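Here is a short note for a colleague who has not seen this structure before. Please keep the model open while reading the points below.

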Amino acid sequence: MLLSGGLDSATVLAMCRAQGLLCHALSFHYGQLHAVELQAAARVARALGAASHRVCKIDLGGIAGSALTGQGAVPKGRSDAEMGGGIPATYVPARNTLFVAHALAVAEILGAERIALGINVLDSSGYPDCRPEWLRAMQEARASGHPRWRRGRGVELVAPLVNMTKAEIIRTGVALGSTTV
């Protein structure tokens with residue numbers, strides 16, 4: 001499962017563990033400015049019982065341009081209207097697509113059956129790769145490009161939070177203990 005260390009991915013990990021699933025957490029060092037993100041992911045993985053936690057490094061130097069990777073200031077104190085008004089300075093081009101591509105490779109190595117993502121449609125006004133349409137497109141790409149899928153067994157992409165409200169995600173996380181990590 002993709003684990004950023006934030007609320008959404010922690011909740012997805014807690015949901016998967018509550019189902020009794022063996023979870024291998026995967027985080028990414030992509031030049032983000034805040035190492036605290038990876039530290040949080042490590043804490044969440046340990047606290048929620050991930051079988052393993054690996055961090056893959058992705059060099060985004062050639063496509064940098066996001067405030068998350070040092071290209072400008074991270075906006076703070078934005079209004080709801082500002083947050084819903086287009087692509088923010090923190091957008092990293094194709095970030096979730098790159099993450100899924102790496103996760104597919106790791107899943108193949110581990111023999112995993114699914115990849116869980118903490119994407120949510122409410123984030124899609126600023127992050128287009130959090131939409132259900134993007135998830136469907138990734139499912140198609142995964143189905144056509146993965147050798148196990150062609151043999152009748154494939155890695156499924158799941159995003160249990162994709163259509164939840166943030167309040168529902170918080171309630172779910174609280175009920176499962178993911179918000180206390």
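1. Start with the largest nonpolar core. Of its 25 residues, Leu2, Phe28, Val100, Ile115, Leu117 and Ile119 touch the most other members. A nonpolar core here is a set of buried Ala, Val, Leu, Ile, Met, Phe, Trp, Tyr and Cys residues joined through side-chain atoms within 4.5 Å. Buried means under 20% relative accessible area, exposed over 50%, and partly exposed in between, with a 1.4 Å probe and protein chains only.

2. A word on the source. This is a predicted model: local features need pLDDT of at least 70 and side-chain atom pairs count only at pLDDT 80 or more, while totals for chains, interfaces and linings use all residues. Residues are numbered from 1 along each chain as its sequence is written, and side-chain values use heavy atoms, leaving out hydrogens and water.

3. Helices (H or I, at least four residues) and strands (E, at least two) are DSSP runs, numbered from the N terminus.

4. Look next at Leu117. Beyond its neighbours within four places in sequence, Leu117 is in contact (heavy atoms within 4.5 Å) with residues including Leu2, Val12, Val100, Trp134 and Pro160.

5. Helix α4 covers residues 95-110, 16 residues in total. From first C-alpha to last it reaches 22 Å, close to the 22 Å expected at 1.5 Å a residue; the expected span is 1.5 Å times one less than the number of residues. Its buried residues are Asn96, Phe99, Val100, Ala103, Leu104, Val106 and Ala107. Gly111 follows the helix, with a positive phi near 75°.

6. Now the aromatics. The structure holds 2 aromatic pairs. Rings of Phe, Tyr and Trp (its six-membered ring) pair if their centres lie within 6.5 Å; planes under 30 degrees apart count as stacked, over 60 as edge-to-face, the rest as tilted. Why is the pair of Phe28 and Phe99 stacked? Their ring centres are 4.1 Å apart and their planes stand at 5°. Phe28 lies in strand β1 (residues 24-29) and Phe99 in helix α4, so the pair ties together parts 71 residues apart in sequence.

7. Tyr30 and Phe99 form a tilted pair, 5.7 Å centre to centre with 55° between the planes. Tyr30 sits in the loop between β1 and α2 (36-47), 69 residues from Phe99. Tyr30 counts as buried at 2% relative accessibility; Phe99 is buried at 11%. Phe28, Tyr30 and Phe99 form one aromatic cluster.
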